[in-house]
Amino acid sequence: MGGHVDRIAEPWGGRTPYARGGTWPVRVDTYLADGLDQAAVQRWVQSASILHSDGDAMDVAVRDGRIVGVRGRAVDRVNHGRLGPKDLFGWQANASPDRLTRPLVREGGRLVESDWDTAMGRIAGRTRQLLEERGPGSIGFYTSGQLFLEEYYTLAVIARAGIGTHHLDGNTRLCTSTAAEALKESFGCDGQPGTYDDIDHADTIALFGHNIAETQPVQWMRVLDRLDGADPPRLVCVDPRPTRVARLADVHLAPRVGTNAALLNALLHEIVRTDRVDHAYVAAHTVGYEELARRVAGTTPEWAARICDVPAARIREAAEVLGTAARLLSTVLQGVYQSHQATAAAVQINNLHLLRGMLGRPGAGVLQMNGQPTAQNTRECGADGDLPGFRNWQNDQHVADLARVWNVDPSAIPHHGPPTHAMQMFRYAEQGTVRMLWISGTNPAVSLPELRRIRSVLAQDRLFVVVQDLFPTETARLADVVLPAATWGEKTGTFTNADRTVHLSDKAVDPPGEARADLDVFLDYAARMDFRDKDGGPLVDWHDPESAFEAWKRCSAGRPCDYTGITYEGLRGGSGIQWPCHTGAPRGTPRLYTDGVTWAAPDVCETYGKDLVTGAATEAVEYRALNPDGKAMLKAADYLPPHEEPDERYPFQLTTGRTLYHFHTRTKTGRAPQLDGAAPDVWVEASAADAAAHGLAEGDLVQVATARGALRGRLRITAIRPGLLFVPFHYGYWDTPSGQGPAEGVPGRAANEATVTDWDPVSKQPLFKTAAAALTLVERGDGTAAPAPTTTASAPVDGAPGTAPRARTTVGGPSAYVTESGPLPWDEYGGDRA
């Protein structure tokens, strides 16, 4: 360890091996702007990653009022000083010359510069008009997974109790709603049972649809260091692509996309058949075992092999590894969540752990992961379709309790039906019942499925669109009012990662121009609207991040996500803290369910659950009958075929996903030179067999078409399973001549031009991974390889026509050199201590 490492060419850096049960060694990753060293840094300001859900703690380097670099925080338990490529280079986007610096309003069909008073006045005026003429159901809010807790909570209070609308959701619907729903279905409550520290103790790690090497690169470093140490864990990987995880796995299962439920039922069949069930744990802590055992009795590996196109022997091999593990850690992500029968499949992974008694102790846990850095906060604060504090909208006592916290009448909080999910909100806008849509920190004109439809919805004259963002995104160009927002490093707030760790991010520099923190925008709106509580006092009575945090603590008190023991002061200088944190757990809580399931009791649970196949909600009386003692629920689900299967016209399956070097719709990472250079444009992955059958070679320009639309990209030939195409979802149009969408008459490059408007019936998460598609040649390549990284799952397969010799090896060069060092003396960290 030590020296300078090109972290584009070597994304996971050097190894620091350690043995099972040991402590992950510290390695401090530092990247500073060209020509600067640590002596040139005037201030280090505490923060954490805003570009994935790891929650990597870091310090921001400041010189002359500008951000000039970052350094991992050695003292933090999440990353032990390490940073991933997006952490190391993504901060440069803050200083991009095309940041929005003044509000914009639409005049005569064009967006023109304005001022805050005019822009906010228009928003407040339209709000009042719609409330008077059409009621609160005409107003919707669609937010992000990248704001801070304080901002989500303020938005939730405004939307629920101020406006009184059902229509509040986040783009976390696209990445994490299945994680939340799966946890609620099994445990009666959202919240990650495990912790990243379980990687240190597990003897088996199973990754289900989770390309952790690219989505959570720092925790992949942790796995790599375990694999290089004594007593390494066994790996089981379920993924149709040749990911780095798959290449190192003891067992790799590559099922047809859309068949996860069948595969998992076969694994559970084997666990039950071989009686590798912890019957004492099941009897003490669960309900539903007999029904589950009955439902998987016929789901043999041979049955699943015919559906999944995976050898039955391989399924048995995986079940053997999972069934004999003494400390099993499972992780789950978009390969499950964005696929057919998403919640049904994710719940079967919870079932696996419940059957085996693998919860609540070191190395035995489930990580139903998140895709975005603050996705957890949207769920806690009720900005994603739930009520704040994991309260149950079907439980009148929970609504009354929330009304007490907000000092409003319970009738002021809409709860006559489930909160509106994002896909339905856009449908309402399309139909004309939603007439105002306020979009903060996200870019649905690239990230939602079937983009031609989404663009037409946002472009309607009758829909008043507000966009609050950093850059003139594809969505912002369709807005009526654009508000310039401050971002990470330019404002203060907290955010919580996928393993419930709360970090504080302090303001390091001023935002550019007139850009404002999202919290300040929401507070301004609340003041202009003059929202009041039932005694005539201000509904939103906080005025800055810390007072907003204190307000949230009062809302979280006594709930599973109890923050009452956390303060800004306590978060400064040390490590992040895992909720719940209160007087009974003043240092936080590493693992949930260490002594049985505690939040599934009928009076306290967050939900009464749903049918895993239809999504039909369970009523309170039914839940009380099924689970009177509040135990974990073993819920079965039969496999059903995907809604869209390949046929003669569309013979391939199309799946979309992330690459290591980019985040979301590339609005930030596309403006960081090292990240943009590593993956500068869209590509299409196909297998060598499919490429040969269609006479295609590496670098050919190809078209992927579905019944919804088409996109074009250069072909990368990989070891992906035959019959499957992969397209990264990051690429839109802000850096193309049109700036907004495809050029006239030519297919674009965004993956979601071709994806389907369909969603999981339980979590309402859109399905981005099961479209039927056609692949055709547009023009022959000129000898240039596809712009896909060679360091990731997109690595070219050896021996394919025109691949390896022409593929440019992904490197960053001197501009990507990062210092990797051991722990530094405490005083070099500004006095930070654990």
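Here is a walk through some of the ring pairs, helix contacts and backbone details in this structure. The model is predicted, so local features need pLDDT of at least 70 and side-chain atom pairs count only at pLDDT 80 or more, while totals for chains, interfaces and linings use all residues. Residues are numbered from 1 along each chain as its sequence is written, and side-chain values use heavy atoms, with hydrogens and water left out.

Let's start with the rings. A pair of aromatic rings is described by the distance of the centres and the angle of the planes. Rings of Phe, Tyr and Trp (its six-membered ring) pair if their centres lie within 6.5 Å; planes under 30 degrees apart are called stacked, over 60 edge-to-face, and the rest tilted. Searching the whole structure turns up 18 aromatic pairs. In one of them, tyrosine 31 and phenylalanine 89, the centres are 4.8 Å apart and the planes stand at 80 degrees, so this pair is edge-to-face. Tyrosine 31 belongs to strand E2 (residues 28-32) and phenylalanine 89 to helix H1 (residues 85-89), so the pair ties together parts that are 58 residues apart in sequence. Those labels come from DSSP runs, numbered from the N terminus: helices are H or I with at least four residues, strands are E with at least two. Tyrosine 31 counts as buried at 7% relative accessibility, and phenylalanine 89 does at 0%. Buried means under 20% relative accessible area, exposed over 50%, and partly exposed in between (1.4 Å probe, protein chains only).

Next, look at tyrosine 153 and tryptophan 542, a stacked pair with 5.6 Å from centre to centre and 20 degrees between the planes. Tyrosine 153 is in helix H3 (residues 149-163), while tryptophan 542 is in the loop between helix H20 (518-529) and helix H21 (545-556), 389 residues apart. Both tyrosine 153 and tryptophan 542 are buried. Ring pairs also join them with Phe549, Trp552, Tyr563 and Tyr568 in a cluster.

Now for some helix packing. Helix H4 (residues 177-187) packs against helix H14 (residues 342-356) at an angle of about 50 degrees, with the axes 9 Å apart. That makes H4 oblique to H14. Axes here are lines fitted to C-alpha atoms, for helices over the stretch in contact, and angles run from 0 to 180 degrees between N-to-C directions. Under 35 degrees counts as roughly parallel, over 145 as roughly antiparallel, 65 to 115 as roughly perpendicular, and the rest as oblique. Who meets whom? Among the residues in contact are Thr178 and Phe187 in H4, and Ala342 and Leu354 in H14; contact means heavy atoms within 4.5 Å.

Finally, check the backbone. Most residues other than glycine have a negative phi, and most peptide bonds are trans. Glutamine 341 has a positive phi, near 55 degrees, and sits in the loop between helix H13 (334-337) and H14. At 8% relative accessibility, glutamine 341 is buried. Phenylalanine 390 also has a phi near 55 degrees; its loop runs between helix H15 (375-381) and helix H16 (396-406), and phenylalanine 390 is buried at 0% relative accessible area. A cis peptide bond, with omega about 0 degrees, joins tryptophan 579 and proline 580. Proline 580 is in the loop between strand E21 (577-578) and helix H23 (620-626).
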